[in-house]
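Welcome, and thanks for taking a look at this one. Please have the sequence and the model at hand while you go through the briefing below.

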Amino acid sequence: TCRIHIHSGPLTLQENASLSAQAVIEISAGDAAFAVGSTITCSEPTCRIHIHGGQLTLQEHASLSAQADINISASHVAFAVGSSLKCSEPTCRIHIHSGPLTLQENASLSAQAVIEISAGDAAFAVGSTITCSEPTCR
């Protein structure tokens, strides 16, 4: 039932840093930046990641991975080259609510059940992918 809760002004994970929990990872920060190769992993079947903040930036090859739900509410969301957001349980949902949303080259979003994006502007660059794999996936 392990949970990680981070409440801060700016939050920065530097190169190859990682956060890992079994049940819940919740981040409420002014701005959150995950540098090259950093990972956030949530491994139990019901595990959820919630990120609420100002700007959220995933730099090159950074990744967010959860089993159940990923909820992101931010003023600006940017996924850099090769970064990924993935949730893997059959009922897994990704919700992104932001101002602008940008996926750069080869960035990816992947969910099983639902991907919901509410954004002022959404830009998907060359090779970026949004994948929803269950037969009932929306």
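**Around one phenylalanine**

Beyond its neighbours within four places in sequence, phenylalanine 34 is in contact with Leu13, Ile27, Ile40, Ile51, Leu56, Thr57, Leu58, Gln59 and Ala62. Please keep in mind that this is a predicted model. From this residue we can move on to the core, then the sheet, and then the cysteines.

**Nonpolar core**

- The largest nonpolar core has 37 residues, and Phe34 belongs to the group that touches the most other members, together with Ile27, Ile72 and Phe79.
- Strand β9, which covers residues 69-79, gives the most to this core, with five residues.
- As general background, nonpolar side chains in soluble globular proteins tend to be buried together.

**The parallel sheet**

- An open sheet is built from six strands with parallel pairing, and their order is β3-β6-β8-β10-β12-β14.
- At the edges stand β3 (18-21) and β14 (129-132); each has a single partner strand, so one side of each is left without a neighbour in the sheet.
- From one strand to the next, the twist averages 5°.
- Inside that order, strand β8 (residues 63-66) pairs with strand β10 (residues 84-87) in the parallel sense, over four bridges.
- Which residue of β10 does serine 65 stand opposite? The residue facing serine 65 is lysine 86.
- In general, the strands of a sheet pair through backbone hydrogen bonds, either parallel or antiparallel.

**Three disulfides**

- There are three disulfides in the structure, and with bonded cysteines counted along the chain they follow the pattern 1-2, 3-4, 5-6.
- Cysteine 42 is linked to cysteine 47 by a disulfide with the sulfur atoms 1.4 Å apart. This link is left-handed, with -60° about the S-S bond. Cysteine 42 is buried at a relative accessible area of 1%, and cysteine 47 also counts as buried, at 0%.
- Cysteine 87 is joined to cysteine 92, with an S to S distance of 1.6 Å. The torsion about the S-S bond of this pair is about 75°, so the disulfide is right-handed. Cysteine 87 is buried, with a relative accessible area of 1%, and cysteine 92 counts as buried at 0%.
- Cysteine 132 and cysteine 137 form a disulfide whose sulfur atoms are 1.5 Å apart. Here the torsion about the S-S bond is about -65°, so the disulfide is left-handed.
- Is cysteine 132 buried or partly exposed? Cysteine 132 counts as partly exposed because its relative accessibility is 29%, whereas cysteine 137, at 18%, counts as buried.

- Cysteine 2 is partly exposed, with a relative accessible area of 37%.
- Cysteine 47, for its part, has its disulfide with cysteine 42.

Key. Residues are numbered from 1 along each chain as its sequence is written. This is a predicted model: local features need pLDDT of at least 70, side-chain atom pairs count only at pLDDT 80 or more; totals for chains, interfaces and linings use all residues. Side-chain values use heavy atoms; hydrogens and water are left out. A disulfide is a pair of cysteine sulfur atoms within 2.5 Å. Buried means under 20% relative accessible area, exposed over 50%, partly exposed in between (1.4 Å probe, protein chains only). Two strands pair if DSSP finds at least two bridges between them. Helices (H or I, at least four residues) and strands (E, at least two) are DSSP runs, numbered from the N terminus. Axes are lines fitted to C-alpha atoms, for helices over the stretch in contact, and angles run from 0 to 180 degrees between N-to-C directions. A nonpolar core is a set of buried Ala, Val, Leu, Ile, Met, Phe, Trp, Tyr and Cys residues joined through side-chain atoms within 4.5 Å. Contact means heavy atoms within 4.5 Å.
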